[in-house]
Structure formats: structure tokens, C-alpha cells
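Hello,

Here is the structure I promised to send over. Have a look at it first, and then read on for what turned up.

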Amino acid sequence: MPIATASPYTPLTEIAVSQLRGVGKQTQIQLARLNLYTAEDLLFHLPLRYQDRRKLTPLNQLFTGMECLVEGQVQQLHVHRTGRRSITCQLNSTQGYLTLRFFHLSGHLQQQLRTPKNIRCFGEIRMGIHGLEMVHPEIQIVTQTTELPQQLTPIYPTTEGLHQSRLQHCIQQVLELLAKIPDDFYEILPKKIISLFQLGSLKDALLTLHQPKNFQELTQSCGKSPSPLARLAIEEWMAHHLSLLQLRAETKKQKAQPLFAQTELLTQFIKQLPFQLTHAQQRAFKDIEKDLATTQPMLRLIQGDVGSGKTLVAALTALLAVDNQQQVALMAPTEILAEQLFLQFHRWFVPLNIPIVWLTGKIKGQQRTATLEKIASGEAKMIVGTHALFQETVLYKSLSLIIIDEQHRFGVEQRLSLRKKGADIQNLPHQLMMTATPIPRTLAMALYVDLDVSVIDELPPGRQPITTLVMPETRRAELMERIKKICAEGKQVYWVCTLIEASDTLTYETANHTYEQLQRTLPQLRIGLIHGQLKSPQKAEIMEAFKVGSIDLLVSTTVIEVGVDVPNAICMIIENSERLGLAQLHQLRGRVGRGKDASYCILLYQIPLSFVGKQRLGFLKESSDGFYLAEKDLELRGAGEILGTRQTGELAFRVAELARDQALLPLAKQGAEILLAEFPEHTKALIRRWLGYKQAYLLA
Ligand code: ADP
Ligand code: MG
């Protein structure tokens, strides 16, 4: 059924893109690449930005960088065949002239430019050799009566080979269809929610977003109703929230092996620790014990600032599983962290005769085969590693508990694939996740809908506060004296080099340069260098040397960011600290202040320091509360950056923006809960609309 004959009442989900005018096989493939299969998908493919072609800019009012529509007559056409082949001409009007430049010599284009007509050009103004010019403008031949568009022109996210104008043409057809549909025909949300939140019409919001008359219209609320952007953001968040709630419900429906203490193992382990558990650790572990005692899989996240002792809580949990003759898989985001954890668990578990192995991508050959066998036979009880733990070739005998350290480094998809992995086994494993990135409450609300959360909000006693100093790079020499003094007292120092550009090699070079320089300046010290390009046995060796104290000063890239624990290291120097976010600096700083001695963190910066940079380092100096710093980071930089690049995909909402629309999250949460409880039949369509096929697949 071609779209022209589709009844206006055909749901847009049932109109395939191939029914639109001008969509052949090729376009269909391109649209599929953007996950666009139906008219509804197109409708929710929202503009990235808008161009303003509503008015002509006079040729004497142009400036570089502006994107505008101009009109005039073509004169002085030149075709340059030598040097870089190009066409230039002049656009003239009574107000002035502008050079147009094209870097291809198409006959059609030359034809268009030769006919002495008025043309309109849209493009960006830049400074050329002979004054202002427009390179590769879009051109349109016009007459006196050609009208200007009344609306802003939407620019959509597109894919290679799919021209913006074709995409616009497709979406335009869907909008025409939408315009004929009665207002509420298209609504998935029940009336109850619409009136509760005073949501305006979805149809109007969509029509506005695709073709706004002006920029204000997008964010302006109409009476008590939210703006078109907010209207959609609430709905999108509801869908996101529902998908996670549903995942949770699916997981909770499955069976898990209940785990509770069988012997004295746990009490004995706790008894022999050189310290007492903090109250917060006890509380978190109580939550876990309660979860594990049931036949429902646990889904719990432990949030606790760096150094709050999460690893120990993980160990207690693991012991419960082992006490039930079950296997535990502990996953860390990087090789270096996996090794650290392995060494820690090795120290704890070997005296208790608990067989422990470790597995990362770099373990190969015979060693790998032997490890895989131990895992498959059930001989290995505690298994530590990276995501290699969840490859297809790894078969577990009786996996009942999965622990994920530094969970925020893994995306939602990875989290989900783990659950899938568990599902082939009779019982689904319990899951414990840990994160040291304090997530502001609003963000946590959006991200961890599917998890129960325990917070460890107390550091072990006796920790010395860390003194943070902020100083310009130019005072580097003074630092050398301080380092010498610290090391002379048998203490150790970290020197962290940050990423100059998004490239491993470059950071390595910076770190290497600093390393050589420090070796020359401080010949009496034993200096080590660690960076991401080293092989993991080498990294482990260096970390071990630092841990046992045979390295005084460790120069590193940010690989030591999380999890590394050397209580004798009491000073950390961070170079170019202005380049890092608050959350990351806070993480790094958490590597010191782990012992009984007063500790320092010295933030070096390059002059001049920007205003935001100054503010950011100032916050760090004034506070050691990770949650407070995370809130500030969110204000300063937006959500994506707090969570690091890995997480941005997960946070790539279509309309919603965490920093801008935070206030809407509680509404979305409430709405999602009402939907699930009272209108469960609406949830699937809403998730499909906003999260598309990918999510539908994950939920299947
Ligand atoms: P994180 O929460 O950052 O993962 P760790 O688990 O690495 O923190 O713990 C940091 C340090 O605190 C470790 O040296 C650990 O042995 C120690 N620690 C953990 N719990 C306690 C406690 N209750 N009392 C004293 N020290 C503790
Ligand atoms: Mg840790």
C-alpha cells in the first residue's frame, strides 16, 4: 500500500519506509542503517539542529562564521582548470557582492550559474583570499515570487550517502500524514498521565520540533504544559525507565541459588582481619545477605567513595557463595585492576584453601586451557578477570555470583549481556556491582533504575585527611625538594601524567619524558614508569615493586586511576590537572590517604588557567566528598563527561538532556511507575517507540 492511499488512521508503526515516495531499495538500506524502518521511526528521528532560511541576509551584513541565506545575480564566472580545479563567481546585489566557490566542475552546475537569473545560496561565510566567500553553497534558482520558508529548516542526523534533502523529504511526508490524524490518536500515554502532568499534545510537540517557526517555540512552555522539548523528554525518560524496570522484573522472575552461611568460614575470616568492619560496610553486607538468602537473583549496586572498603564487602559476599560450594566470577574493567584484585583475593583466600584463578584476554595457550578446565570442572571457586570471563569459551560449573568492580566503566549493554550469559545456566547468578564514581542522585535515578543500591558513606577510621594544593607548573622545582624529603622518610609518591590528546602514544610520550626528566633531577630515587602500552605482566611487576616499596616514585598515566591500593604512598602529583574532570581527579586523589600518615595531592596546572578550570580545581581543594564533587562536575560539564566516554552511548538520549532536563526525571519516574502498575499494555509500544529495535531485542 503506497502512502498516498494509506488511511490516515493506519498506525504509523504499520507504514514501512518503503511506502514513502522516493524511497527505493538504496534509501531503504540507508535508512535501516539509522534504525529507521517505519513512518513512526522517522517521526521520532528528531533534528540535530536547525538552519534559519526564513529571511535573506543583505550582502553588506555578512561576517565570517555566519550561516545564512543570500540572494543575487551571478557575474564573473570563472572555471579554474589549473591548480586546484574550481569554479568561482560573484553574487551581486544592490547591497554588495560575495564570492561563491565550488570545488567541482559539474556541467549541471556551470549551466545553472551561466543562466543570468537570480539565485539564492545557503551556506557558511568564511574569509577567502579576496574577501568574504561562501564555499559550496546550496543553490536555488528563484524568481520575484519565490517564497521564503516560514519555518526553521531541520537538519537531521544522517548517514553516508543519504542526502539531508532526501531525509527531509521522507520525514515531510510523515508529518503531512500526522497532521491529518486527530490529536489523541497518536498518544501512547493514557489520559491519566497526560492530565496529571498537564502534558500538551504530542502531535503538536512533534510538529513543532520538526518545523519550528522560531527558536523560542522549542523551549517555551505553553501555559502550564511543558515545552515541546520537555514534552518529549518526559516521554523518552519514561520509556527508558520502563525498559530498565522491565529488565529488572524479567531478571527477578528467574530463579537463583539462595546463598547463606553453611560453616564458620565467614565469621572466621572477619575475626582474623586486622580491623573491624565499618558500620557502613556492615550495613551494605546486611543488604546483600538479605538478597542472597532468597531464590530471586540479587541485583545490587554498592556505591562508595574511593577507599571506603568496597573490595572487602565483595570478599565477604564471595565467601558466602564459596561456602555454598558455588563459583564466583569477579570482573574488573582493565587488566591492571583485575590483577590487583586477583592479588588481593589471593592474599585473603589462599590461607582459607579456596582455589582461585584469574583470566584475562592476555592469558593464552596452555595456561588458558588449564584455567578454563579448572573453571569448567568447578575446581576453581574464585575466578577473577576482565570481561574475558564472559566469552563464549568460558564455561562455568556452578556460577552463582557475579561481582563487577567499577561498574560505571561498563555500559548497560555489557551489563545486559552478562545477565544473558547467566541465563543459559539453570539458575541465574546473583549480581553485585560496585562503583566508586559517586553518581549525583538525579543521574542515579536515570541510570540505575534496575538496581537496588547500598551506599557506603563512611571511610575506615584513622584515615588522615588529604591536603590538596593547587599550583602552577612553573613551581615544579619546589616540588623536587618535597619529593626528596618524602622519599627520604621511606614514603612513596605517585606522579600522574594526563592525556594530552586522545591518543595512547602521546600520553606515553609525555609520561616517558617526565620519567626521564625526573630521573635526571632526582638520581638518588628509584623511579618507575607505568603506562597503558606495557604488557600486563610488566605492569603487574611494576605495581608489585611499588607495592613492596622497591620503587620510590612511580610515574604513570591515568591507568592507576581506580582500585590501586598502596597505603605507604602519601603524595600524588597530577600534571596538567586542569585537563581532567572533577570526578576523575577525585578518583586519582583517592589513591593516597590510605594509610596512617598525612597525605598530599598536588594539582599542577598550565598557565593561563581558564575560569572554569580555576573553579574546578578550587572545588577539589575545598572538598573531599565525592558526591558533592560529582554534583559540581555535572553542573560544570554535563553528564556524559562525568561518566567517561564509555557511558556516553548509554546516555545518548534523543531529546532528553540530563543537565538541562534534570527536573523532569522525578515526573518520568512517577509516570513510568503508574504506567507499569495500571496500564502495562502501553509499556511495550512506548519502549519500542523510544528505544527502537535494539532494546526490544534485549528484552526479548
Ligand atoms: P575501595 O572502596 O576504593 O575499593 P578498598 O576496598 O580498596 O576501597 O579499601 C581501601 C583500603 O581500606 C584497603 O587497604 C583496605 O584493606 C582498607 N580497609 C577496608 N575496610 C577497612 C576497615 N573496615 N577498616 C580499616 N581499613 C579497611
Ligand atoms: Mg575498589
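Predicted model: local features only at pLDDT ≥ 70, side-chain atom pairs only at ≥ 80, totals over all residues.

Asp633 counts as buried, at 0% relative accessibility (buried means under 20% relative accessible area, exposed over 50% and partly exposed in between, with a 1.4 Å probe and protein chains only). Asp633 sits in helix H21, residues 626-637 (helices, H or I of at least four residues, and strands, E of at least two, are DSSP runs numbered from the N terminus).

Residues are numbered from 1 along each chain as its sequence is written, chains are lettered from A and ligands numbered from 1 in the order in which they are written, and side-chain values use heavy atoms, with hydrogens and water left out.

Now for the whole protein. It has 700 residues, of which 55% count as buried, and its secondary structure comes to 26 helices and 21 strands. The C-alpha trace spans about 90 × 65 × 55 Å along its principal axes. Taking contacts (heavy atoms within 4.5 Å) between residues at least 6 apart in sequence, 74% join residues at least 24 apart. The accessible surface is about 31,900 Å², and carbon and sulfur atoms account for 52% of that (areas come from the Shrake-Rupley method with a 1.4 Å probe; for residues, only the protein chains shown count as cover).

Two helix pairs may interest you. Packed helices are described by the angle and the distance between their axes. Here axes are lines fitted to C-alpha atoms, for helices over the stretch in contact, and angles run from 0 to 180 degrees between N-to-C directions.

The axes of H11 (residues 310-323) and H12 (residues 335-349) come within 11 Å and cross at roughly 55°. That angle makes H11 oblique to H12 (under 35 degrees is roughly parallel, over 145 roughly antiparallel, 65 to 115 roughly perpendicular, and the rest oblique). From H11, Thr311, Leu312, Ala314, Ala315, Ala318 and Leu319 meet Leu341, Gln344, Phe345, Trp348 and Phe349 of H12. These contact residues divide into nine nonpolar, two polar and no charged (Ala, Val, Leu, Ile, Met, Phe, Trp, Tyr, Cys and Pro count as nonpolar, Asp, Glu, Lys and Arg as charged, and the others, Gly among them, as polar).

In the other pair, the axes of H19 (residues 582-589) and H20 (residues 611-622) come within 10 Å and cross at roughly 35°. Leu582, Leu585, His586 and Arg589 of H19 make the contact with Arg616, Leu617, Phe619 and Leu620 of H20. By class, that is five nonpolar, one polar and two charged residues.

Lastly, some backbone details. Most residues other than glycine have a negative phi, and most peptide bonds are trans. Where are the exceptions? The bond from Ile607 to Pro608 is cis, with omega near -5°, and Pro608 lies in the loop between strand S21 (599-605) and H20. Asn35 has a positive phi near 60°; Asn35 is in the loop between helix H1 (25-33) and helix H2 (39-43) and is partly exposed, with a relative accessible area of 49%. Gln76 also has a positive phi, about 55°, and lies in strand S2, residues 67-80.

Best wishes
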